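Subject: Structure for you to look at

Hello,

Here is the structure we talked about. Please open it beside this email and follow along.

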Amino acid sequence: MLLKAFYKKEVVPKLQESFGYKNVHAVPTVSHVTLNIGVGQGLKDAKFLETAERTLARISGQRPVKTKARISISTFKIRKGNVVGMKVTLRGKRMWDFLERFLRVTLPRVRDFRGLSQKSFDGQGNYSIGLREHVAFPEIPPDEIETIHGMQITIATTADGDDEARALLKGLGLPLREETTKSSKSKK
């Protein structure tokens, strides 16, 4: 079953029941997904910029936008107008397709994966994931990898708070691990 159909058929009724939404349109949903790559190395290496752009386009299915520095920072040798990152915002069908591939194919391929942290919610219902290596995506052939770089994925929801967003994303299948505090860990 496709993720969007699963959301409408399975997740919406569960969220309506648990949070008491009277209207189907009040149930939170995923509004957009943003993929970011910081290209700090690209300030010195122009080939890295091309590689990052190609990678992001292959993963997302659309052309990335270059983000430029708004101010100059001399300690980092950044001048105003330098390209410091690339981003892609996915909505609609591409967003649902990406989320399905990310949850079912990419996350299981991440090395030493033990679930995602629950501390990455921002208080407004959005969730951010940082990946150290982009090689987990199946769209990237292993023989074409020139440099390994990280990536940030932000899932923006229409939820009012973190509890609603957590229930929505867990319902969609996001593998959030149970966080333990230092006081609850057993001492040996």
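Where is the place of Asn126? Asn126 lies in the loop between α3 and β4; helices (DSSP H or I, at least four residues) and strands (E, at least two) are numbered from the N terminus.

Some background first. This is a predicted model, in which local features need pLDDT of at least 70 and side-chain atom pairs count only at pLDDT 80 or more, while totals for chains, interfaces and linings use all residues. Residues are numbered from 1 along each chain as its sequence is written, and side-chain values use heavy atoms, with hydrogens and water left out.

Asn126 counts as buried, at 17% relative accessibility (buried is under 20% relative accessible area, exposed over 50%, partly exposed in between, with a 1.4 Å probe and protein chains only). The side chain of Asn126 reaches the backbone nitrogen of Thr157 at 3.2 Å. Leaving out residues up to four places away in sequence, Asn126 touches Ser120, Phe121, Ile155, Ala156 and Thr157 (contact means heavy atoms within 4.5 Å).

Beyond its neighbours within four places in sequence, Phe102 is in contact with Leu107, Ile129, Leu131, Phe137 and Ile153.

Lastly, Ile73 sits in the loop between β2 (65-68) and β3 (83-90). Ile73 is partly exposed, with a relative accessible area of 31%.

Regards

How values were computed. A polar contact is a pair of N or O atoms within 3.5 Å; within protein, one must be able to donate a hydrogen and the other to accept it, and residues adjacent in sequence count only if both atoms are side-chain atoms.
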